[in-house]
Every structure is written in C-alpha cells, then in structure tokens.
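I opened the model to see how its pieces pack against one another. These are my notes, in the order I looked things up.

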Amino acid sequence: MALIRVLVSGACGSMGGYVSRAVDAAPDMRLVAAVDPAGVGHSLGDYVPDACEETRQLTVGGHLAAALVGSNADVMVDFTTPAVVMANIEAALNAGVAAVVGTTGLSEIDLKTVARMSEAKGVPCIIAPNFSIGANLMMRFAAQAAPSFEYVEIIERHHERKKDAPSGTAVKTAEMIAAARSTDPLSVVPTERHNVPGTRGGVLGNVPIHAVRLPGYVANQEVIFGADGEVLRISHETTSRACFMPGVMLAIRAIRDLKGLTYGLDKLLQQ
Ligand code: NAP
C-alpha cells in the first residue's frame, strides 16, 4: 500500500506539533509538507526535534495553496485558527486534497458551505470539534441520557489561550442533546434577577453553556443533568493533547473511503 501523504497546516502550533509527531511515527504515512506563518523558513525540526531526519528537514511554508500542489499531498490536516480555517479548507478542496479539520469556531453556515464545496469538488472533508475518543463517548452518553432528563447544563474548561467560546465540543454536545430531545424540548431553569449579566451562561438548544478559561487546563467538559433528588454528571478530562492523536490518525486513514462532509468523529467510531 502506498504511504498516505500528509500536509500539516498550523504545524508550528500546539496541536500541529502533536500531529506532525504522530504522522511522522505512523508507518503508513509520510509527512510531505508543513505550513504555518509562525514558522516560515524554519526547519520543522525546530518544532518537532524528535521526528525522523526527513521530517526535521522539511521547511515550513507560508503559502498553503502552493504547498498543497507542490507536495502532492493526499490529506491536509488543519489545526489553525477560526479566522483562517475556511480559506484553508477551500484551498485544500480546490487542490483535490482531502481535509481533516480540527480547528474549532466554525458556524452552522460555514459547515453548510463546506458540505456544498466538498460535494461539488468530489473531495471528502472531516470536521471534528473533538478528536479524543473519550470526549466523543462523553457526547454520545450525554445524548443517550438526554431523553430521560428535562434539565441539563454544560460547563467546559479550557486553557487561557483558547480563541473561541464556547468550545466546539460544547456546541456539538448541546446540538446532540437538543436533537435527542427534539420531540420534547428541554427546559431552562428560569432566573428572576440577573445581578451580573451572563452568569447563567449562553444558551444553545435550550442548554446553558458555561465557559471557563484559566491557565492550568487543557480541555475539560462536564454535562450535568438534574432532576428531583438526583444529579447525573458525565465528565471528560484531557490531561494532554496526545489524547487527540488516535482520532486524528483514524480520520486520516478513513477519509479516502468517505464522500462529502463528515461532521464529528462519532461517525467513524464503532457504534
Ligand atoms: P495554536 O497553538 O495557536 O496553533 C495554531 C497555529 O496555526 C499557530 O501556529 C498559528 O500561527 C497557525 N496559523 C495561523 N494562521 C494560519 C494559516 N493561515 N495557515 C497555517 N497555519 C496558521 O492553537 P492550538 O492549541 O494548536 O489549536 C488550534 C485549533 O485546534 C484551535 O481552533 C483549537 O480550538 C483546536 N483544537 C481542536 C481539537 C480537536 O480535537 N478538534 C483539540 C484541540 C484544539 P500564529 O501563531 O502565527 O497565528
């Protein structure tokens, strides 16, 4: 079997570094290009010194469209920023390169646009707000519990450098919970007086979401269901970004057999 040729977009970021290392270590993949304005002209080895010689010698590029064509990549993996991700997806699909996207902050309209572009170009795209297997199970269990409870709230906790709020995982969880309750919508406990505006969180699909940003956290989420006399708490804790790599690798391997846009890792996990 030919090696899967992977381009990493955002290669010099926290997630990009993990992805570069994981692709470098995968026997069925080859890291063929790294793009990131933060490291243009540097060797990728400055960011992933533990990679093999060939990967360390790659020069980080700043122009994605050129790198997509020049590297003859099969798959682009994107962990960048909400401001640039749509342009990056468009560039990959235009170049006929399948896109695995972990960058969060995409709106519902963005997802529809990507689905249309992916269909029109005949090039698959996977967008997953969370690539950790445990977090995806947490979301699945929350959707499973949703029909049995009328009230639920989400608390997500992330590191202080996170650019968007709430997290893509919290948004996806709220959507899954709301969908599971679509015939019998959830209720939100009313508050008579808001002494400090915003303290009851932002509400999506009748699910209040509270976003904590503090140094010390990587990415955590609790889904809390409440009913008379009981509380059910489904919680997931990320202690290292390494937890996202099995999901990213799964997506890189699976994408060639998919069509159009796949949103969420759940679709790739065994039911
Ligand atoms: P980060 O450390 O800030 O890395 C982002 C990198 O992308 C930075 O080096 C940034 O450079 C670079 N970049 C900016 N514009 C770019 C462009 N046009 N092309 C290529 N690279 C570009 O952030 P992170 O912690 O790695 O997170 C990245 C994204 O992944 C965020 O949206 C985060 O929420 C998401 N995330 C998703 C998952 C998941 O499982 N789906 C897990 C963790 C994080 P500059 O510093 O110069 O801007």
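**Two helices crossing**

I began with helix H1 (residues 14-25) and helix H8 (residues 245-254), whose axes come within 10 Å and cross at roughly 60°. Helices (H or I, at least four residues) and strands (E, at least two) are DSSP runs, numbered from the N terminus. Axes are lines fitted to C-alpha atoms, for helices over the stretch in contact, and angles run from 0 to 180 degrees between N-to-C directions. H1 and H8 are therefore oblique to each other; under 35 degrees counts as roughly parallel, over 145 as roughly antiparallel, 65 to 115 as roughly perpendicular and the rest as oblique. I also noted that the H1 and H8 crossing is right-handed, meaning the near helix is turned clockwise from the far one by less than a right angle.

Which residues make the contact? From H1 I listed Met 15, Tyr 18, Val 19, Ala 22 and Val 23, and from H8 Met 245, Val 248, Met 249 and Ile 252. Contact means heavy atoms within 4.5 Å. I sorted the residues of this contact into nine nonpolar, no polar and no charged. For that sorting, Ala, Val, Leu, Ile, Met, Phe, Trp, Tyr, Cys and Pro count as nonpolar, Asp, Glu, Lys and Arg as charged, and the others, Gly among them, as polar.

**What I'm looking at**

This is a predicted model, where local features need pLDDT of at least 70 and side-chain atom pairs count only at pLDDT 80 or more, while totals for chains, interfaces and linings use all residues. Residues are numbered from 1 along each chain as its sequence is written, and side-chain values use heavy atoms, with hydrogens and water left out.

Next I checked H6 and H7, which pack at an angle of about 25° with their axes 8 Å apart. H6 and H7 are therefore roughly parallel to each other, and their crossing is right-handed. On the H6 side I found Met 138, Met 139, Arg 140, Ala 142 and Ala 143, meeting Thr 169, Lys 172, Thr 173, Met 176, Ile 177 and Ala 180 in H7. The residues of this contact divide into seven nonpolar, two polar and two charged.

**The sheet**

Then I traced an open sheet of five strands in the order E7-E8-E6-E9-E10, with mixed pairing. Two strands pair if DSSP finds at least two bridges between them. The edge strands are E7 (202-204) and E10 (230-238), each pairing on one side only. E9 (residues 219-227) and E10 run antiparallel, joined by nine bridges. Helix H6 (residues 133-145) lies across E9 and E10, and helix H7 (residues 168-180) lies across E6, E7, E8 and E9.

Is Arg 161 buried, partly exposed or exposed? Arg 161 sits in the loop between E6 and H7 and counts as partly exposed because its relative accessibility is 48%. Buried means under 20% relative accessible area, exposed over 50%, and partly exposed in between (1.4 Å probe, protein chains only). Leaving aside neighbours within four places in sequence, Arg 161 is in contact with Ser 14 and Arg 241.

**Helix H4**

Last, I looked for buried residues in H4 (residues 85-94) and found Val 85, Asn 88, Ile 89, Ala 91, Ala 92 and Leu 93. What covers them includes strand E1 (4-9) and helix H5 (108-121). After H4 comes Gly 96, with a positive phi near 75°.
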